[in-house]
Amino acid sequence: TALPICTTLLVHLFGPKGDKLLNLEDFSRFMDNLQEEVLDMEFHEASHGLPVISEATFARLLLRDSNLDESEVKEYLERLKERNQKNEGIAFPKFLDFARFLNELEEFSVAVKMFTLAGKPVTQDEFQRAVKSSLGKALDSQLVEVVFQIFDVDGDGKLSYEEFIDVMKDRKNR
């Protein structure tokens, strides 16, 4: 019989003999670490080694894997360019927090759906409440402001919820 091929990943997860049990906690930690490493590479590639990425670069990363066509992406980026006056940049911890938020997108979506069903607009405060209920903590306010600059279609201070969710699902499922 053929011997199983022991890859580094198999050895890491199941030991050198492949007989180690992998518990949920260890596997979850492994997956979190793997996601963080991939995001770190994506961030550093986009930042060219700098400690921050621009808000426009953040927007491009969010929109990159969406089903939007090139003209729609350009529209989002133009909207951000017109509205973003601060240009503070986004450091890796904020970028990572946003990615972790996307892991909880379904819970967030349910929470925000309650606002929309009640006829309430999704303001930055409501957005943060929904984030906190799904993630357990709020996102950085500057990050939320950038999200609204991108996804507030008519500039009324309210999130275009369906569009945001559709694009973020594309990003999450890449």
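Two residues are said to be in contact when they have heavy atoms within 4.5 Å of each other. With that definition, K137, which is found in the loop between α7 and α8, touches D97, V131 and K132 once residues up to four places away in sequence are left out. This is a predicted model, in which local features need pLDDT of at least 70 and side-chain atom pairs count only at pLDDT 80 or more, while totals for chains, interfaces and linings use all residues. Residues are numbered from 1 along each chain as its sequence is written, and side-chain values use heavy atoms, with hydrogens and water left out.

## Confidence and overall layout

The predictor's confidence in each residue is given as pLDDT, on a scale from 0 to 100. For the protein the mean pLDDT is 90, and 95% of its residues reach 70 or more. Helices (H or I, at least four residues) and strands (E, at least two) are DSSP runs, numbered from the N terminus. By mean value, confidence in the protein is lowest in helix α9 (residues 161-172), at 81, and highest in strand β1 (residues 52-53), at 98. Where pLDDT is low, the predicted coordinates should not be read in detail.

The protein has 9 helices and 2 strands, which follow one another along the sequence in the pattern α-α-β-α-α-β-α-α-α-α-α. Its C-alpha atoms fill a box of roughly 65 × 40 × 30 Å, taken along the principal axes. A residue is called buried under 20% relative accessible area, exposed over 50%, and partly exposed in between (1.4 Å probe, protein chains only); of the 174 residues of the protein, 37% count as buried. Among the contacts in the protein with a separation of 6 or more, 66% are between residues 24 or more positions apart.

Helix α8 (residues 141-151) is mostly covered, with 9 of its 11 residues buried, including L143, V144, F148 and I150. The N-terminal end of this helix is capped by D140, which has a side-chain oxygen 2.9 Å from the backbone nitrogen of Q142. Q128, in helix α7 (residues 124-135), counts as buried because its relative accessibility is 15%. Apart from its neighbours within four places in sequence, Q128 is in contact with A138, L139, D140, S141 and V144.

In the loop between α7 and α8, K137 is partly exposed, with a relative accessible area of 40%. A polar contact is a pair of N or O atoms within 3.5 Å; within protein, one must be able to donate a hydrogen and the other to accept it, and residues adjacent in sequence count only if both atoms are side-chain atoms. The side chain of K137 makes such a contact with the side chain of D97, at 3.1 Å.

## The cavity

On a 1 Å grid over the protein atoms alone, a cavity is a set of points where a 1.4 Å probe fits but cannot get out, and its lining residues have an atom within 4 Å of a point. A search of the whole structure finds 1 cavity of 30 Å³ or more, and about 30 Å³ of space lies in the largest cavity. The lining of the largest cavity is formed by E55, N84, K86, E88, Q142, E145, V146 and Q149, and the largest share of that lining, 4 residues, comes from α8. By class, the lining has 1 nonpolar, 3 polar and 4 charged residues.

One of the lining residues, N84, has its place in the loop between α4 and β2 and counts as buried at 9% relative accessibility. Residues up to four places away in sequence aside, N84 touches E55 and Q149, and a polar contact of 3.1 Å joins its side chain to that of N87.

Most residues other than glycine have a negative phi.

| Residue | Place | Phi | Relative accessibility |

Key: 1 Å grid on protein atoms, 1.4 Å probe; cavity = no way out; pocket = protein on both sides within 12 Å on 5 of 7 lines; lining within 4 Å. Points joined across faces, edges and corners; volume = space filled by probe spheres on them. Nonpolar A, V, L, I, M, F, W, Y, C, P; charged D, E, K, R; others polar.
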